[in-house]
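Hello,

Here is the structure for you to look over. My notes follow below it.

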Amino acid sequence: MELFNLNIGCSCGSRVVVSRSFADFTPQATFDIKKCDVHRLEEGPPVKATLTRDQGLQYYRIMQTVRRMELKADQLYKQKIIRGFCHLYDGQEACAAGIEAAINPSDHLITAYRAHGYTYTRGVAIKEILAELTGRKGGVAKGKGGSMHMYAPHFYGGNGIVGAQVPLGAGIALACQYQGNNQVCVTLYGDGAANQGQLFEAFNMAALWKLPCIFICENNKYGMGTSVERASASTDYYKRGDFIPGLRVDGMDVLCVREATQFAADHCRSGKGPIVMELQTYRYHGHSMSDPGVSYRTREEIQEVRSKSDPISLLKDRMLSNNMAAVEEFKEIDIAIRKEVEEAAQYATSDPEPPLEELCNHIFKNDPPLEVRGTHPWATLKSVS
Amino acid sequence: GFRDALNQAMDEELERDERVFLLGEEVAQYDGAYKVSRGLWKKYGDKRIIDTPITEMGFTGIAVGAAMAGLRPICEFMTFNFSMQAIDQVINSAAKTYYMSAGLQSVPIVFRGPNGASAGVAAQHSQCFAAWYGHCPGLKVVSPWNAEDAKGLLKSAIRDDNPVVFLENELMYGVPFEMSEESQSKDFTIPIGKAKVERQGTHVTMVTHSRYVSHCLDAAAVLAKEGIECEVINLRTIRPLDVDCIETSVMKTNHLVTVEGGWPQFGVGAEICARVMEGPAFNYLDAPATRVTGVDIPMPYAKILEDNSLPQIKDIIFSVKKTLNV
C-alpha cells in the first residue's frame, strides 16, 4: 500500500508530515485519444487509452527530464561549453516517451541527429549525455562522438547524415528477422528526410522481405528552415510508404503515441511486414542552436503550441483533472529533476577532457595496436582497439 | 582459379558462422553477375544469399545496419563503380562508427566486388577505387592478386570485426592459378596488412597490387634477360599499407617503381612515394621513385585507346630502365 507523504519544512527545523493515502487518488483512468488517420489499414489503433497513476507519473518524469535536460543543454551551449551542432528536442518529448512505453528494451531504435531524448529513453544517464555534449571523457562516447553520435545497447544513435539511418534501421530489422528473436526496429526520420531516395529504397526492401521495421516520421513541420509545404509535393507522410500501411498520429499526446506504437509493433511482430507512422509534433527551438527559429515561423505559432499542445502539460492536466495525482507531487518531481539535471551539468562541466593519449583509439575492433600517422612524419601515435 | 577461390572462401565462411550472409544484385538465383557466388544460393537458400533490387544506397545501408545488429554481412557491389551511390553508407555509417562510439558499436562487414578496368566497358564502369577507399581511417582495404590471395584474404576479411573493402578484378576472375596444399585448408587465412614479395631481386623494387602483379612479373622476366633483377612486391593490402616491407626492399635495391591501374593524382603510388620519403629508405634511393599508372583520362572505349590507357608491360620495362638510368 503506497502512502504519499507531503513534507513541509519549516524554519525551526521540525517537520510537519501530512499523509494522504493511496486510496485518495484514482489508480487508473481511460482517456479518449485522437483517432489516427490510416492508410491501407482496415482499422487503426484504439481511440481510448488506459493510464495508470504509476504510468502517468513515469511518463511525466521521463518527459520532464528530457525537457529540463534539453534546456540545460541550451544554457551550456550559450555559455560556449557545448560546441558544434546541438539539435534540441523540447516540444517533442511525447514521441520519445510514448514510443519507449510501447516497446521492450530488447527492441531496437535508431534515429537522426535530434537524438538526446531517445538517448535518454534508451537508457543512457543524463550526466553521460551532457558530458558527451561538453566533450568530456565521462561522456557516453568518451567525448569522441558529440551530440549526434551517442549509442547504447539496442540504440544505434544519433546519425548525422540526413536519411542514412533509415536503411540502417531496415538492416537492423533484417537482423531481427534473421535471428528469429521477435524483436522490432523503430526507425525514425524527420519531415525533411522523408523525401530522401534512400528511404524509398529501404521501404521497397522492407516491404518485399516483410522486415519488422516501424518507420516513424517525426513531422515537426520544418526541415531546418523549410516548411513541409515548401519541401514536399505530398505532406501526407504516413502515405509516403505507398504500398506500406501507415498511421498519422497526434505526436503531442503521449498516450496516442503509445497506442499507435503498440499497434505498429503488433503489426510487425505478427509477420505482416513494415509499417509507417507519422507523428505530428513540434519543436520549440530552432533547427539547431545556431538557428533562432523565428525567421521561417512566427513567435505566435510557437507560443500557440506551447499554450495549447504542450505534451507535458497535456499529461499533467489529464492526471490532475482525473484526480490521479496531486499538484504537489508534480512539483516534487520537478524539483527532483531540476536537481538531477543540475548535478549532471556540474559533472559535465567539471569532468576532464579526454586524454590526448586516447586520440587514436577505437579505429578498429579486436586488432593489435597500430601506429597512426600524426600531423607530421615525426608524430607517430598509437591506436588500441 | 581466382573466381573459384572466392567462391570457396565464401562457402567455407558461410558454413563456419551462421551470422555470415551475402547480399547484392544477382548473387542468388543468377549465381552472381560474374558467377562468383555460383551454387551458394542452391546450398544455403534465401535466408543466407539475398538478391537485392538495384538500389545500392538502400541495400548497402541495410547491410551496414545488419552488421551493427550482430550479423556478418558480405555486401557485393556488382562493380565498385556502383559503390559510389552507396559511399556515404560505407564511409559515414560503417568506417567511422567504431571511433565515433568510442568502441561501443562495431561494424563487421565486407564490401566486395570487381574494381578497376575491365575490357571495353568504358568510362563509367572502369574506375579504380583503391585510392578513394584507401584514404579513409576506419576501413581496411584489400586488393588480392592471385587465387591464394583471394581465398586467404577474403576469409580474413569475413572474420575481421571491422569494415573491409575487398577489391577484386574482373579480368582476374577467369585466370587459373595453382593453389598450395596449405590453401586447401578451411582455416587458411592470409593476414590483412602484410605484403608479399613475389619475386626476389636486387636492382629495383616494384610495388604493385591486383592485376598488375602479373604485369610486373612478366616485365621482370623480360628484364632478367638483360641482367636486371627486379624485386616484385604484391601489396595484398592497400590500407593499412605494409610500409616496412617496402622500405626493407628499397634499402636493398636503392630503386623504386610503383605500378597501378588507377589514376596518378593522389593515387596509391603517390602515397607509397610519400611514405618512402618520410622514412629511413629515402637515404638509400639512388634515383627518385617512379610511378607507373593509368593515364589521367576517363577510360575510352575503342580497344586501341583502352589498351593505351593502362600500364602495359613495355611501359613498366621502360620505367624501370629510366629509373636505373640504363
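Strands here are DSSP runs of E, at least two residues; helices are runs of H or I, at least four; both are numbered from the N terminus.

Some ground rules. This is a predicted model, where local features need pLDDT of at least 70, side-chain atom pairs count only at pLDDT 80 or more, and totals for chains, interfaces and linings use all residues. Residues are numbered from 1 along each chain as its sequence is written, chains are lettered from A and ligands numbered from 1 in the order written, and side-chain values use heavy atoms, without hydrogens and water.

Back to the strand. β5(A) pairs with β3 (residues 28–32) of chain A in the antiparallel sense, over five bridges; pairing takes at least two DSSP bridges. A:Asp32 stands opposite A:Lys48.

Now the interface. 37 residues of chain A are in contact (heavy atoms within 4.5 Å) with 46 residues of chain B. In chain A, A:Tyr151, A:Tyr178 and A:Lys365 lose the most area to chain B, together 22% of what that side buries. Buried area is the accessible area (1.4 Å probe) lost on putting two parts together, summed over both.

The two chains share two salt bridges (Lys or Arg side-chain nitrogen within 4 Å of an Asp or Glu carboxyl oxygen). A:Arg373 forms one with B:Glu278, with the closest N and O atoms 2.5 Å apart.

Best wishes
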